[in-house]
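Colleague: I would like to learn how to read a ligand site and a few backbone features in a model. Please take them one at a time.

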Amino acid sequence: MCENPLRALPKMDVLLSHPTLVSARETIPYGLIRQAARDTLEEVRRTVLAGAAVPPVDALAGEIASAARALCRPGLRKVINATGVVLHTNLGRAPLAPQAAEAVRAAAEGYSNLEYDLDRACRGSRHSHVEALLCSLTGSEAAMAVNNNAAAVFLMLSALAAGKGVAVSRGELVEIGGAFRVPEIMEASGAVLREVGTTNKTRRADYERALLSQEAQALLKVHTSNYQIVGFTEDTPLSQLAGLAAAHGVPLLCDLGSCVLSPAALPALPAAPSAAAALADGADVVCFSGDKLLGGPQAGVVLGKKRYIDAMKRHPLARVVRIDKLSLAALEATLLLLRDPEAAREALPVLSMLGARPEDLRGRAEGLAAGLSAALGPDYTVSVLPCAGQVGGGSMPNEALPGFCAAVTAGPGVPEGLEAAFRRHAVPILCRIHHGALLLDVRTLAAEDEAEILRAAEAVRETSR
Ligand SMILES: *Cc1c(COP(=O)(O)O)cnc(C)c1O
């Protein structure tokens, strides 16, 4: 009769007293090492029963140590974005300016005057920290900030249009990122969607009919952030809707999605939506994201006429969707920077990445390619290729940002194996695969990322030895 193969597995206490795991106890709590040992042994038992050989005890101990280290690591961690997509929603959208990150740290570590008026020694409003800045940057009468733009749209509709008909063009019933759909958010807010026009053409008269028939008591314009309707199209601009809304005494609401607060800081994207322009065109309330083209933290920024913003601040949902102090600190610091377009272009990563000049990107791609080629060794072919970056975050999908990448075009495991090795690096590196090559777009890399990428490449070379 065959011997039970599991008997060759080392016992738990023998494993735990292995020198590797004894020294691991200096940095990892013992409970986590035990948990990792149980999990690893469980897994090995399964493979041994399926016919695999029992691994040597040193290898087992090493595996347990790395499993225990993984248990210590936070799930949410820094990654390196080599995709060239600047506002990558899956990667946290806008990286903050150093000044904004510092403001977050200061607000996080201690107490702050979040809702305290230091001059009058009484309760204050958290909106006060950004309201004056937002108004001076955009010419708005009043402003507030909430948790994100979806919350801003929800609060705007709940406070200003619940129980009322809201006319929206059939060409603007957008879905953003799967979860935010205009018809659904409208229904949840208690406003009644009145679709007007058609998918490709919506005229002033379509909105007017909804107002004249009393079907609509508000107008909503939604920026079609993540798609374009092309061909035979007609769209009614805000300026025309403003006249109509004023004549009928109804509010004109605008979900701008993404917005450049200081157009002078981003000359490379002339078509980027502007909140100041929307207000000047006559929108009564405008809202947009803090972490898209604005380049700040997750937030929903609301601008507009004081009586509407006041109604939104007073609404019970304002508390439900309120912005937290860390985001507020980052938003204020970002807005302070945006007052000086020159300085903002330097300090705000989103603006500097979007505004990067192709010739500079080519130089950086050449440097990265040379470093990668040296680190990966002679088995790999690395070159510099032109590539198209993207704005991302569902913004300006047809805007290709001309740039350059370091491309690993041939070598062991290129592209899938190398992509996986980079993605599983201690600081995960996320790249794009295109036509069988692994592309690292330098547009979205921070200065310090390059050294980490070279470390990952050296590790690839080590393991393939
Ligand atoms: C992105 C976007 C939203 C949602 O904004 P979040 O900040 O992700 O909540 C809503 N409307 C439009 C038009 C958008 O582009």
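Modeller: Start with a definition: a residue counts as near a molecule if one of its heavy atoms lies within 4 Å of it. This is a predicted model, where local features need pLDDT of at least 70, side-chain atom pairs count only at pLDDT 80 or more, and totals for chains, interfaces and linings use all residues. Residues are numbered from 1 along each chain as its sequence is written, and side-chain values use heavy atoms, with hydrogens and water left out.

Colleague: Which residues are around the ligand?

Modeller: They are Arg-93, Asn-148, Asn-149, Ala-150, Ile-176, Phe-180, His-223, Ser-225, Asp-255, Gly-257, Ser-289 and Lys-292. Helix H7 (149-161) and strand E11 (252-257) each supply at least two residues of this shell; helices (H or I, at least four residues) and strands (E, at least two) are DSSP runs, numbered from the N terminus.

Colleague: Which polar side-chain atom lies 2.9 Å from an oxygen atom of the ligand?

Modeller: A polar contact is a pair of N or O atoms within 3.5 Å. The 2.9 Å case belongs to the side chain of Arg-93. A side-chain N or O atom of Lys-292 is 2.8 Å from a ligand oxygen, while Ala-150 uses a backbone N or O atom, also at 2.8 Å from a ligand oxygen. The ligand taken alone exposes 380 Å², of which the protein buries 94% (Shrake-Rupley method, 1.4 Å probe).

Colleague: How do I read a salt bridge, and how many are found in the whole structure?

Modeller: Side chains of opposite charge can pair when their charged atoms come close. The criterion is a side-chain nitrogen of Lys or Arg within 4 Å of a carboxyl oxygen of Asp or Glu. The search finds 26, including one between Asp-291 and Arg-93 at 3.0 Å, N to O. Asp-291 lies in the loop between strand E12 (285-289) and strand E13 (300-304), and Arg-93 in the loop between strand E2 (85-87) and helix H5 (98-109), so the pair ties together parts 198 residues apart in sequence.

Notes. A polar contact is a pair of N or O atoms within 3.5 Å; within protein, one must be able to donate a hydrogen and the other to accept it, and residues adjacent in sequence count only if both atoms are side-chain atoms.
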